[in-house]
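Please open the model in a viewer and keep the sequence alongside.

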Amino acid sequence: MCLRIFLLIDPGQIESHFTLGGFFFQMKEYEKAAYHYKQLLLGASDYHVLSPENLREMVAIGLLELFNIYRYTDGEIPFLPTGKELEAAGKMDEIEGNIMELEAEIFPEKKESFYPFAGMCMGAQSKELPGRLRTLKIAKPKTKKKKRWKKQKKKK
């Protein structure tokens, strides 16, 4: 298979992982599909071949398919890469430096609901998305504004 040759030459070729994940997903080979989709997630922050918009789209679809695999296997296959998988990919330092608390709703039929998670997988590349397309917006801490009193003119 030509895609496997690409992966032997360059294991970080996430477009091939994406294609193989979809291929195995259609064949209901969920374990193999999950492996390739997780490789997609693990390699997304280092992949600079695609535009940020296209990368986010690909990662969001991979996340959606991983979520479906998780549901179809009753949780036997984890939705996200495990600690061992993160460690093997050398991503633990990157993950530990970016831990945040986040509440988000996932709608399995809408890939857009996976955009915030895709942005996290993209790392610094998510900052290259145009502002109007960014969906992971963290509220800035509120600072107290000083009240300014307008000087009133004295009536004569």
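Which residues in H3 meet which residues in H4? Select both helices to find out. On the H3 side the residues are Tyr-30, Ala-33, Ala-34, Tyr-37, Lys-38, Leu-40 and Leu-41, and they meet Met-58, Val-59, Gly-62, Leu-63, Glu-65, Leu-66, Ile-69 and Tyr-72 in H4; contact means heavy atoms within 4.5 Å. By class, this contact has 12 nonpolar, one polar and two charged residues. Here Ala, Val, Leu, Ile, Met, Phe, Trp, Tyr, Cys and Pro count as nonpolar, Asp, Glu, Lys and Arg as charged, and the others, Gly among them, as polar.

A note on the model is needed before going on. This is a predicted model, in which local features need pLDDT of at least 70 and side-chain atom pairs count only at pLDDT 80 or more, while totals for chains, interfaces and linings use all residues. Residues are numbered from 1 along each chain as its sequence is written, and side-chain values use heavy atoms, with hydrogens and water left out.

**The whole chain**

Helices (H or I, at least four residues) and strands (E, at least two) are DSSP runs, numbered from the N terminus. Of the 156 residues, 35% are buried, where buried means under 20% relative accessible area, exposed over 50%, and partly exposed in between (1.4 Å probe, protein chains only). Among contacts with a separation of 6 or more, 60% are between residues 24 or more positions apart.

**The H3 and H4 pair**

Return to H3 (residues 30-43) and H4 (residues 52-72) and look at their axes. The two helices pack at an angle of about 145 degrees, and their axes are 9 Å apart. Axes are lines fitted to C-alpha atoms, for helices over the stretch in contact, and angles run from 0 to 180 degrees between N-to-C directions. The crossing is left-handed, that is, the near helix is turned anticlockwise from the far one by less than a right angle.

Next select Glu-15, in helix H2 (residues 14-26). Glu-15 is partly exposed because its relative accessible area is 27%. Leaving aside residues up to four places away in sequence, Glu-15 touches Tyr-47, Val-49, Leu-50 and Met-58. Its side chain is joined to that of Tyr-47 by a polar contact of 2.3 Å. A polar contact is a pair of N or O atoms within 3.5 Å; within protein, one must be able to donate a hydrogen and the other to accept it, and residues adjacent in sequence count only if both atoms are side-chain atoms.

**Helix H7**

Now select H7 (residues 115-122), where six of the eight residues are buried. These are Tyr-115, Pro-116, Ala-118, Gly-119, Cys-121 and Met-122. Their cover includes H3 and H4. Gly-123 follows H7 and has a positive phi, near 65 degrees.

**Two loop residues**

Finally, select Lys-28, in the loop between H2 and H3. Lys-28 is not a glycine, yet has a positive phi of about 60 degrees; Lys-28 counts as exposed, at 60% relative accessibility. Then move to Asp-74, in the loop between H4 and H5 (83-88). Asp-74, also not a glycine, has a positive phi of about 50 degrees, and is exposed with a relative accessible area of 73%.
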